[in-house]
Amino acid sequence: SSYMVDIEVSDGHLPSPRLSSGLVFVQVLDVNDNPPMFQQVVYTTNISHNASPGDFVVQVEAYDLDTGVNANFSFSLRSRTFQIDSVTGVVTVERTIPAELQREDLIVTATDLG
């Protein structure tokens, strides 16, 4: 949105004050009113028990409808076995996968930085 504002100033001197006026252009670029949203609600993948630290697991994707710095967000997750790149959303193996681990549900969070 943009606005033209007419500004008028006076020295307050009576009976004939001195006046001056000017136009000010105001442009509102964005407000941080949109949260990050994931491209998919659920991501499903399978990996081998002998996967090594650093091996790719999955990449999650999100977007934010805001613009500029208000569109920035970061990814995070809590896991003892997996890690996520906060910028790219790439999930990788962090530690050797325990033999008893058959399934792990990961909750990935996209946090608004704007």
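Helices (H or I, at least four residues) and strands (E, at least two residues) are DSSP runs, and they are numbered from the N terminus. The model described here is predicted, so local features need pLDDT of at least 70 and side-chain atom pairs count only at pLDDT 80 or more, while totals for chains, interfaces and linings use all residues. Residues are numbered from 1 along each chain as its sequence is written, and side-chain values use heavy atoms, with hydrogens and water left out.

Pro 15 is joined to Leu 14 by a cis peptide bond, with omega at about 10°.

Strand E6 comes next. Two strands pair if DSSP finds at least two bridges between them. E6 and strand E9 (residues 108-112) run antiparallel and are joined by five bridges. Within this pairing, Phe 75 stands opposite Ala 110 in E9. Buried means under 20% relative accessible area, exposed means over 50%, and partly exposed lies in between (1.4 Å probe, protein chains only). By this rule four of the five residues of E6 are buried, and the strand is mostly covered. Phe 75 is buried, with a relative accessible area of 5%. Ser 76 also lies in strand E6, but Ser 76 is partly exposed at 33%. The C-alpha atoms of Ser 76 and Asn 32 are separated by 20 Å, and these residues are 44 apart along the chain. As background, side chains in a regular strand alternate between the two faces of the sheet.

Aromatic rings are the next topic. Rings of Phe, Tyr and Trp (its six-membered ring) pair if their centres lie within 6.5 Å; planes under 30 degrees apart count as stacked, over 60 as edge-to-face and the rest as tilted. The structure holds two aromatic pairs. In one, the ring centres of Phe 38 and Phe 75 are 6.1 Å apart and the planes stand at 45°, so this pair is tilted. Phe 38 lies in strand E3 (residues 37-38) and Phe 75 in strand E6 (residues 73-77), so the pair ties together parts that are 37 residues apart in sequence. Phe 38 counts as partly exposed, at 29% relative accessibility. The rings of Phe 73 and Phe 75 have centres 5.5 Å apart and planes at 90°, so they form an edge-to-face pair. Phe 38, Phe 73 and Phe 75 form one aromatic cluster.

Another part of the structure is an open sheet of three strands, in the order E4-E8-E7, with antiparallel pairing. Strand E4 (56-59) and strand E7 (82-84) stand at the edges with a single partner strand each, so one side of each has no neighbour in the sheet. E4 pairs with strand E8 (residues 90-93) in the antiparallel sense over three bridges. Phe 56 stands opposite Thr 92 in E8.
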